[in-house]
Amino acid sequence: MFRKAVSSMSYPVFLELVVTERIVCLTAYTEIEKHIFEADADPGDDQSESIRSLRFEGHFLPGQLPPKATGVYHDRLPCVQLGKPLVLGESLSQGMAGRYFKAASYSLLDLDDPSIRSGEKSDAAVWVCGVDYEGNLRPFYNAIAFETSTKMHPMRSVRNLGTPSNLFIYQPFASTPLTQCSMTLKYNLSLGYRSSVQGFVEAQDYNYLPDMDEAFPRLELISGGGEIGAGGQQQVTVQVVSAEGRDATLYLEETGGYLPMRRVRSINGKASFKVHALGLVAGDAFKIKLGFRNYSGLLDVPFEVVA
């Protein structure tokens, strides 16, 4: 597991990250002028009053998850533009004493949100949050699931939505708590960030494209592949290699031949499946591609049909 901080976000916001096992919240604070803060009769007002049918149950407090809400399909809102409360800079960071800020927006990922279906809560998920060109955080989504058909990298996916990414959460298995996930956080160098979880290391460069491969499990071939008799069958065994050591459901796809099972579950990190060379003749070649539900092509097992 790694946590990397990259000072490459150009939009000037202070970021606050709160992480629990099932919920992650990222809040953006923007700087305001002193007279705006002093002119407000109640700068600590947290917008807990009724907004249409919505009502927050509690207060917005720095360093904590947002309050629950009533009048919505779930007990937490996934994304909100705020504008309040107004806070002193020293309440966010001692380095910003004498400055003034407002809570501009937050984005929240709740794995128990019923609108997040099983297809999105899958092994090898990349939960991404972006900030738009007005400084508002946009909702979290699993970029890998969203771009299954295009195979687009999560960074490019969120960029194409007009919200340059500022947080990647790499969840290797659907059962992995968010507190145990690798993360890449982009922040503004002039304002900084703070987090409820420790261990963020400053990146030495801005190249965080390889982070996804580093965070996710690998698949390795133990046995199988190579020559297979025409009309014959072969047993293939593969291994899931991961520091987390959790088992996963592997998804199989063939370019030829026949697979009796297209999904296999690894046990103690190993999974086996049968491959049939039905309808093939000597000289034909095909391969079996393995991966996760939304993260395919992690391993190719090639076959050559012989007489």
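Which side chains meet in a salt bridge with an N to O distance of 2.9 Å? They are the side chains of Glu31 and Arg99, and the report returns to this pair below.

## The model

This is a predicted model, in which local features need pLDDT of at least 70 and side-chain atom pairs count only at pLDDT 80 or more, while totals for chains, interfaces and linings use all residues. Residues are numbered from 1 along each chain as its sequence is written, and side-chain values use heavy atoms, with hydrogens and water left out.

## Salt bridges

Side chains of opposite charge can pair when their charged atoms come close. A salt bridge here is a side-chain nitrogen of Lys or Arg within 4 Å of a carboxyl oxygen of Asp or Glu, and by this rule the count comes to 11 salt bridges. Helices (H or I, at least four residues) and strands (E, at least two) are DSSP runs, numbered from the N terminus. Glu31 is partly exposed at 40% relative accessible area, and Arg99 is partly exposed at 27%; buried means under 20%, exposed over 50%, and partly exposed in between, with a 1.4 Å probe and protein chains only.

Arg194 and Glu16 also meet through their side chains, at 2.5 Å from N to O. Because Arg194 belongs to strand E13 (residues 193-195) and Glu16 to strand E2 (residues 14-19), this pair ties together parts that are 178 residues apart in sequence. Glu16 is buried at 3% relative accessibility, whereas Arg194 is partly exposed at 25%. Within helix H1 (residues 34-39), Glu38 and Lys34 are 4 residues apart, about one turn of the helix, and their side chains form a salt bridge of 3.8 Å, N to O.

## Aromatic rings

Rings of Phe, Tyr and Trp (its six-membered ring) pair if their centres lie within 6.5 Å; planes under 30 degrees apart count as stacked, over 60 as edge-to-face and the rest as tilted. The structure holds 13 aromatic pairs. One of them joins Phe56 and Phe60 edge-to-face, with 5.0 Å from centre to centre and 70° between the planes. Phe56 is buried at 6% relative accessible area, and Phe60 is buried at 9%.

Tyr170 and Phe216 are likewise an edge-to-face pair, with 6.2 Å from centre to centre and 85° between the planes. Tyr170 lies in strand E11 (residues 165-171) and Phe216 in the loop between helix H4 (211-215) and strand E15 (218-223), so that the pair links distant parts of the chain, 46 residues apart. Both residues are buried, and both belong to one aromatic cluster that also includes Phe2, Phe168, Tyr208 and Tyr295.

## Backbone features

Most residues other than glycine have a negative phi, and most peptide bonds are trans. Ala124 has a positive phi of about 60° although it is not a glycine, and Asn268 has a positive phi of about 55°. Ala124 is buried, with a relative accessible area of 0%, whereas Asn268 is exposed at 71%. A cis peptide bond, with omega about 0°, joins Lys84 and Pro85, and Pro85 is placed in the loop between strand E6 (79-81) and strand E7 (86-88).
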